[in-house]
Every structure is written in structure tokens, then in C-alpha cells.
Amino acid sequence: MAKPVVGLQLYTLRDLTDKDFLGTIRKVADMGYKAVEFAGYFNTPAKELKSVLDGTGLEAPSAHVGLNFSSPDKIQEDLAKQIEYAQEIGLKYIVTPWAPLPENPAEEDVNSLAAILEAAGRQVNEAGLRYGYHNHAFEFKLVNGRPLIDLLLERVPAEYLFAEFDLGWVHMGGQKPIDYVNRYAGRVPLAHFKDFGEGTRDTEIGKGVVDLKSVLGVAEQAGIEYFIVEQEEFNSSSLESAKICLEFFRENGF
């Protein structure tokens with residue numbers, strides 16, 4: 001198996017992508033990242049985006065695509081448009097980054113969400129792509145004594161749903177990142193690297209308290225193809241933080 005490729009979730013640079021989407025992608029390549037994960041396309045024609053990706057040599061394996069949970073009857077139609085764009089730019093994975101859940105989720109909430117995710121997964125699969133879900137901390141709340149995320153991944157067959165574990169949020173959910181990567185080995189092609197400092201404030205990779213190094217040693221065996229950096233709060237600038245995060249991987253042989 002090949003070493004995972006280090007990429008950047010472009011939501012990290014949202015203050016820049018909002019003003020100059022394609023120029024920001026070029027800056028990511030110049031920094032030394034090998035891949036990007038999208039969080040919106042800013043009305044960019046697919047051909048233009050594909051041209052920039054080809055020109056920079058960046059891989060683009062995935063995009064975060066929200067589902068229209070407030071209008072379930074529109075999910076299929078909206079997702080079809082996202083799938084078409086994803087095919088045009090050459091993505092392999094579509095990931096739902098978040099789902100609404102009540103403060104105290106119950107079994108019926110798990111079943112309802114599982115049904116929506118499975119339907120989306122089937123639709124994505126039929127188009128030749130794979131579908132995943134990205135967690136935060138709230139998916140680790142217990143339902144009948146077990147973390148909700150485990151119940152979701154049990155209910156939806158692996159062929160229709162993979163886990164893009166956000167390792168920082170796994171930690172904030174009271175679990176060990178390495179445990180979840182190992183438990184779902186073969187079902188985690190993408191892993192979000194996020195670190196947390198004080199409280200719920202995130203920080204540069206390797207500067208916080210999340211045990212991310214342990215995951216590096218098992219990543220290949222677990223089938224992780226891409227390490228995706230994501231950061232939301234910055235001491236200086238989003239660009240400077242992205243550079244610091246990349247240094248963590250270089251120092252650790254990636």
C-alpha cells in the first residue's frame with residue numbers, strides 16, 4: 001500500500017477562497033500540499049477548475065457536500081447536480097460533513113439518519129463514486145449505551161457509506177482516534193487531521209492535545225489514502241497555519 005497523500009480541506013482557507021478561489025488553490029500547491037478537498041466551488045465552471053487542478057498537479061479526491069435535510073424531497077435532485085459536477089472535475093468521493101441531530105438522540109433518530117445516508121450512498125455509488133460521512137463530537141453521544149456513530153456505521157452497509165473520521169472531533173467526543181481508525185480499517189479512505197488546544201479551540205496539527213501521531217503508524221494498514229488537514233481558528237493567518245500543519249507531516253515522514 002502507498003503512503004497516504006497529504007491534502008488540505010479548503011474550508012481552512014475560506015477567508016481566501018471567498019475572494020480568489022482558483023488563486024488560493026494555486027497557493028495550496030505552492031505550499032507543497034499534494035491534494036485538496038472542496039467545501040464549495042464558488043460558481044466556478046467545472047472546466048476551469050479542472051484546468052487549474054491539472055496545471056498545479058494537485059489531486060482532488062473529495063468534496064464536502066451538504067444534504068438538504070430541511071427538504072428531504074429535494075435531496076436526490078440536489079445531490080444529482082453535485083454528482084455531475086464531481087464527475088466533471090474527477091472526484092472519487094462525496095462526503096456529507098454534518099447532519100442535524102437532537103440534543104439527546106434516540107434510536108429513531110439513528111434509524112432516520114441511516115435511511116437518508118444509505119439512499120444518498122446508493123445514488124452516489126450508481127454514478128461510480130463513493131459516499132462518506134464526516135463526524136463532529138456529537139455523533140459520539142450514547143444511544144442505548146453505544147456511540148451513535150457506531151450505530152450509524154452498523155446500519156448502513158459499508159458499500160454505501162464510509163467514515164471520514166475527523167480525528168480531532170473523535171478525541172473531543174471522548175474516544176481515541178487510533179481506536180476508531182483500527183476498528184473501521186478498510187472503511188476510512190479519508191481522515192481529517194484536526195488538533196485542539198485549550199477547550200474547544202482548534203490549533204495547528206501537532207501543537208495541541210490530540211494523539212494524531214499514533215494514527216500515522218497504522219494509516220497504511222487501515223487503508224487511509226488521504227490525510228486531510230482542517231483548521232478553523234488561527235493565531236496569525238489561515239495560510240500561515242496551513243503551512244505549519246504541513247510541516248507536521250514532513251517531520252513525520254510524509
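Reader: Which residues are buried in α2?
Author: In α2, the buried residues are F21, L22, G23, T24, I25, V28, A29 and M31. Buried means under 20% relative accessible area, exposed over 50% and partly exposed in between, with a 1.4 Å probe and protein chains only. Helices are DSSP runs of H or I of at least four residues, strands are runs of E of at least two, and both are numbered from the N terminus. This is a predicted model, in which local features need pLDDT of at least 70 and side-chain atom pairs count only at pLDDT 80 or more, while totals for chains, interfaces and linings use all residues. Residues are numbered from 1 along each chain as its sequence is written, and side-chain values use heavy atoms, with hydrogens and water left out.

Reader: Why is α2 largely enclosed?
Author: Helix α2 (residues 21–31) is largely enclosed by the rest of the structure because eight of its eleven residues are buried.

Reader: And what covers the buried residues of α2?
Author: The cover includes β1 (5–9), α1 (14–17), β2 (35–38), α3 and α11 (238–251). Contact here means heavy atoms within 4.5 Å.

Reader: Turning to α3, how do the axes of α3 and α4 cross?
Author: The axes of α3 (residues 46–56) and α4 (residues 75–89) come within 9 Å and cross at roughly 35°. Axes are lines fitted to C-alpha atoms, for helices over the stretch in contact, and angles run from 0 to 180 degrees between N-to-C directions.

Reader: Which residues make the contact?
Author: A46, L49, K50 and L53 of α3 meet Y85, E88 and I89 of α4.

Reader: Where does L79 lie, and is it buried or exposed?
Author: L79 lies in helix α4 and is buried, with a relative accessible area of 2%. Leaving aside neighbours within four places in sequence, L79 is in contact with V65, L67, I94, A120, Q123 and V124.

Reader: How many residues has the largest nonpolar core?
Author: That core has 81 residues, and those with the most contacts inside it are I25, Y33, F38, L49, F165 and F193. A nonpolar core is a set of buried Ala, Val, Leu, Ile, Met, Phe, Trp, Tyr and Cys residues joined through side-chain atoms within 4.5 Å. A second, separate core of eight residues includes V5, A35, Y93 and L190.

Reader: What does UniProt place at residues 25–245?
Author: An unreviewed UniProt entry places the feature "domain: Xylose isomerase-like TIM barrel" there. The span is 41% helix and 18% strand, and its end C-alpha atoms lie 16 Å apart.

Technical notes
UniProt positions renumbered as here; feature names shortened; annotations may be inferred.
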